[in-house]
Amino acid sequence: MLIKYIENFLRALGKPLVGFVSRLGELSLFIIRALYNCATPPFYLKLLLKQMVDIGFYSLPVVALTTVFAGMVIALQTNAGFSSYGAESAVATVVLIAVTRELAPVFSGLMVAGRIGAAMAAEIGTMRVTEQIDALSTLSTNPYKYLVTPRLLAGILVLPILVLIGDIIGIFGGYTVAIYQLEYNAANYINTTINELAAIDVITGLVKGAVFGFIIALMGCYNGYKSRGGAQGVGTATTNAVVASSILILIFNYIITGMIFTK
Amino acid sequence: MKNPKIAVKNLHKAFGDKTVLDGVDLEIASGESLVVIGGSGTGKSVLIKCIQGLITPDSGSIKIDGFETIGAERKDAEKFYAKMGMLFQGGALFDSLTVWENVAFGLIENQKMSRKQAKEMAIKYLHQVGLSADVADLSPSELSGGMQKRVGLARAIATQPDIIFFDEPTTGLDPIMADVINDLIINSVKKIGASALTITHDMASARKIADRIAMLYKGKIVWQGTVEELKKTDNPYVIQFMNGSSQGPIKVEL
């Protein structure tokens, strides 16, 4: 009786564990294969450019909107929090650091994950369940090179550019609130911003952008590629892609910040 | 059979606990049209995907022109896979490309033909399957099911393959359109002198396009013979399948 109970308990414990480990192995193989195919010909430059436009150019509005409001709200909160210690110089510095190090990369990453990660998983997943991926193989075209490689490379290349644009727009958002709502001195604000601007802050943001771009494209492609079973399977793949990439973005954001700014 | 185009021996494949192929033996001669019949879920699709290298079987042997593809280096096997074409059940047309780009896909991507020349070739193949040049610039989603099948057929023959696979070519079509597709299959395969392997459960289609018919049941070939032999066979599996009866040795798992 007791042995039976323990056996059932262990079985319940083991099944998800085995499932998790095999998923992890599958993902590792997918990453290795994808990276190998990034480095070997043939290269589909046209598809890469198309993905860069899709991921980069068409994400500009959402990235601009999220970062401008992020910058604005940080200016308000810093002013509220530091009002007793002379907030005027603090606001410019905090906006600068918060936007370049954290907010621009994280918000760009999350917005692109929602926009692009979902689209990638849905498109590749649909191609999988309608046998279009098998059709690529039968036409002697490597589906990894044709579908996965352009998306991964585009993600890695384009996200840093989006982050850089987000930096500028976010700082501008903080500036407008500080000058027009809190009525700070514009010259002082700009002066503080320029003095405090450090290369490491911006570079951190760009590194994060590249890592997030890789995560978004990887999760989108992987979940799409492995999707099974019709419309429902594609729906699950899309959800998984967005959830997994969002969580991974926040985890890796913490890890990268920890690596660069902990002494 | 002497020098078969494709020789499958003792092929096994299981997904988890579910055995799909349980020792399949099959040979296809050069230029021959073999039709594999069988109910849904008997492993027909898995069989052709194994031959095409899309699925790796658990054990067994698949020789193409005498070359053992199982366990071979991917690069070496790729040369043989490159000489295969396939018409998918749902067409599997690339919906991000236009009709002519679909047909010309292999010509542009692998044979490095110029786009202008490839488009001319694509239109030639579209004519061959009874479609006019008007559809060339449409998107696949704008076509009817029968037209999509035709475009899929044009794409499959455009690379002049040695072997063509047809995955349920007439499923989901009305009987007349199904017969049109049958005729197109016969004509196009003969024209390029390819070997053909078709899987279907449409007996009318099987009788029409087959030189030889094999029946797959529970992962094994339970009968094979010519269309003439099919008429005279007393094999209970084949008879039940042809009559479409629920009574007999074939048990449907519900």
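1. Which residue in β5(B) stands opposite B:Ile64? B:Phe67 does. The strand names come from DSSP runs (helices: H or I, at least four residues; strands: E, at least two), numbered from the N terminus.

2. Ground rules. This is a predicted model, in which local features need pLDDT of at least 70 and side-chain atom pairs count only at pLDDT 80 or more, while totals for chains, interfaces and linings use all residues. Residues are numbered from 1 along each chain as its sequence is written, chains are lettered from A and ligands numbered from 1 in the order in which they are written, and side-chain values use heavy atoms, with hydrogens and water left out.

3. Chain A overall. Chain A has nine helices and zero strands. Its C-alpha trace spans about 65 × 60 × 35 Å along the principal axes. Take the contacts (heavy atoms within 4.5 Å) between residues at least 6 apart in sequence: 85% join residues at least 24 apart.

4. Helix α3(A). This helix covers residues 60–82 of chain A. At 1.5 Å a residue, counted over one less than the number of residues, its 23 residues should span 33 Å. The end C-alpha atoms are 32 Å apart, which agrees. Its buried residues are A:Val63, A:Thr66, A:Thr67, A:Val68, A:Ala70, A:Gly71, A:Ala75 and A:Thr78. An α-helix has 3.6 residues a turn, so residues three or four places apart point the same way.

5. Helix pair α2(A) and α6(A). The axes of α2 (residues 45–55) and α6 (residues 143–181) of chain A come within 8 Å and cross at roughly 45°. From α2(A), the residues in contact are A:Leu47, A:Leu48, A:Gln51, A:Met52 and A:Ile55. Their partners in α6(A) include A:Tyr146, A:Pro150, A:Leu157 and A:Leu162.

6. Sheet in chain B. Four strands form an open sheet in the order β2-β1-β4-β5, with antiparallel pairing (at least two DSSP bridges between two strands). β2 (18–28) and β5 (67–68) are the edge strands, each pairing on one side only.

7. Eight bridges join β1(B), residues 6–15, to β2(B), with B:His12 opposite B:Asp22. Five bridges link β1(B) to β4(B), residues 59–64, and B:Ala7 stands opposite B:Lys63.

8. Hairpin. Two bridges join β4(B) to β5(B). These strands form a hairpin with two residues between them. In the turn, B:Asp65 has a positive phi of about 50°.

Technical notes: Buried means under 20% relative accessible area, exposed over 50%, partly exposed in between (1.4 Å probe, protein chains only). Axes are lines fitted to C-alpha atoms, for helices over the stretch in contact, and angles run from 0 to 180 degrees between N-to-C directions.
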